[in-house]
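Please open the structure in your viewer and keep the selection tool at hand. The tour goes from one selection to the next and says what to look for at each.

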Amino acid sequence: MSWQEIETPGVIVDLTIVEANLKRMQDYCDAHGIRLRPHIKTHKINALAQMQLDLGAAGITCQKLTEAEAMLGSGASDILISYPMIGPQKAARLGALAGKARFTVAADSPMAIETAAAAAAIAGAEIGILVEFDSGMGRTGVVAPEAALALMQQVLATPGLRLAGLMTYPASAQTVTFMAALKPLLRAQGLDVPPLSVGGSPKAYQTHSLGGVDELRVGTYIYNDRNMIAAGAASVDDCALHVIATVISTPKPGHFIIDAGTKTLTSDLSGAAHPGYGYLRDYPDAVIERLTEEHGIVRIDPALPAPKIGEKIRIIPNHVCPVSNLHDTITVVRGDGVQDIWQVSARGATR
């Protein structure tokens, strides 16, 4: 069976490309003495997490508790939830998991540490804490080295918790500046510099140049996408995941309609230099200029060849992670041949 025979809209993933992407990243981390902890939010599939672990990953990263619950089936024994847990409901759920693997969670507030401590008490198992600081993203993470030090001291003083280190996203020049300011504060308190975990696929292969990085959390590298191409971190041939769509209408010259809208491709864009809602592999000059829920409206120069009604086309998504979360299954291929169909086991893991 060829991928062109599958019903659309759908997703195909080429395992040959996946294997090459995984090996390249693992080899890089091994060469530079950096622990690789892949982020499974990109693929959300147990079999792919197991492939990453088999190649030498130190553990896996999840973004939410529901992802961690689903990934216990991958055989992962060391799981980081790179997101602060807040409140008694999260403590109860984390406590139910904490005895089933070695768990670490991110924290950037006293309440997040208190929640993890409550979970450790429920589980009767130690939980690690990565104190998170901001490196320019403007999301979670303390912004002052003094605040990071205070949280580290709170962790060290709290029974049931283990200070696993520091974390940030993305790795940047601000990461280096923050650590340079924190180190003398640690020395003044007689504390060693703890391990540092950073994330971000687009600049992953520059991580070693920052110095002092112990762990790398990356997700997109397994599939790659148009954003990774735009960042110069991947080529079209490095992209393992494609959305497959069918041309369903050609209402006028220079326009055609596909059966893939926001429910299939997401509405993420990729910058002014890469217009539209995805890259058409076989029609690179075409632009998916507009999406509705079920329709993709595509523009192409009328003088150029265009697909006909009924033709199936391959689209590289702008941002592959949310695309994974829109599909129940992926069709696994090698080249043109279909190998299997896999469930996206952590789809919808938002809590």
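What follows is a series of stops, each with something to select.

The model is a predicted one, in which local features need pLDDT of at least 70 and side-chain atom pairs count only at pLDDT 80 or more, while totals for chains, interfaces and linings use all residues. Residues are numbered from 1 along each chain as its sequence is written, and side-chain values use heavy atoms, with hydrogens and water left out.

**The sheet**

Begin with the open sheet of eight strands, which run in the order E2-E9-E8-E7-E6-E5-E4-E3 with parallel pairing. Strand E2 (35-36) and strand E3 (60-62) stand at its edges with a single partner strand each, so one side of each has no neighbour in the sheet. Now select E2 together with strand E9 (residues 215-217), which pair in the parallel sense over two bridges; Arg35 has Glu215 in E9 as its bridge partner.

**Two helices**

Next select helix H6 (residues 145-156), whose 12 residues reach 17 Å from the first C-alpha to the last, close to the 16 Å expected at 1.5 Å a residue; the expected span is 1.5 Å times one less than the number of residues. Pro145, Ala148, Leu149, Leu151, Met152 and Val155 of H6 are buried, where buried means under 20% relative accessible area, exposed over 50% and partly exposed in between, with a 1.4 Å probe and protein chains only. Because these residues cover an arc of only 165° around the axis, they are on the same side of H6; the arc is that of the directions from the helix axis to the C-beta atoms. The buried residues of H6 pack against strand E5 (102-107), helix H5 (110-123), strand E6 (127-132), strand E7 (161-168) and helix H7 (173-188).

Move on to helix H4 (residues 88-97), where Ala91, Leu94, Gly95 and Leu97 are buried. They cover an arc of only 155° around the axis, which puts them on the same side of H4, whereas Pro88 and Gln89 are exposed on the other side. The buried residues of H4 pack against H3, E4, E5, H5 and E6.

**A loop residue**

Select Leu72, in the loop between helix H3 (65-71) and strand E4 (78-84). Is Leu72 buried or partly exposed? Leu72 counts as partly exposed because its relative accessibility is 24%. Leaving aside neighbours within four places in sequence, Leu72 is in contact (heavy atoms within 4.5 Å) with Ile79, Leu97, Lys100 and Ala101.

For residues 240-334, UniProt lists "domain: D-serine dehydratase-like" in an unreviewed entry. The end C-alpha atoms of this span lie 10 Å apart, and the span is 9% helix and 40% strand.

Finish at strand E16 (residues 329-334) and strand E17 (residues 337-343), which pair in the antiparallel sense over six bridges. Val333 has Val338 in E17 as its bridge partner, and in the hairpin, with two residues between the strands, Gly335 takes a positive phi near 65°.

How values were computed. Helices (H or I, at least four residues) and strands (E, at least two) are DSSP runs, numbered from the N terminus. Two strands pair if DSSP finds at least two bridges between them. UniProt positions are given in the numbering used here, feature names are shortened, and annotations may be inferred rather than shown by experiment.
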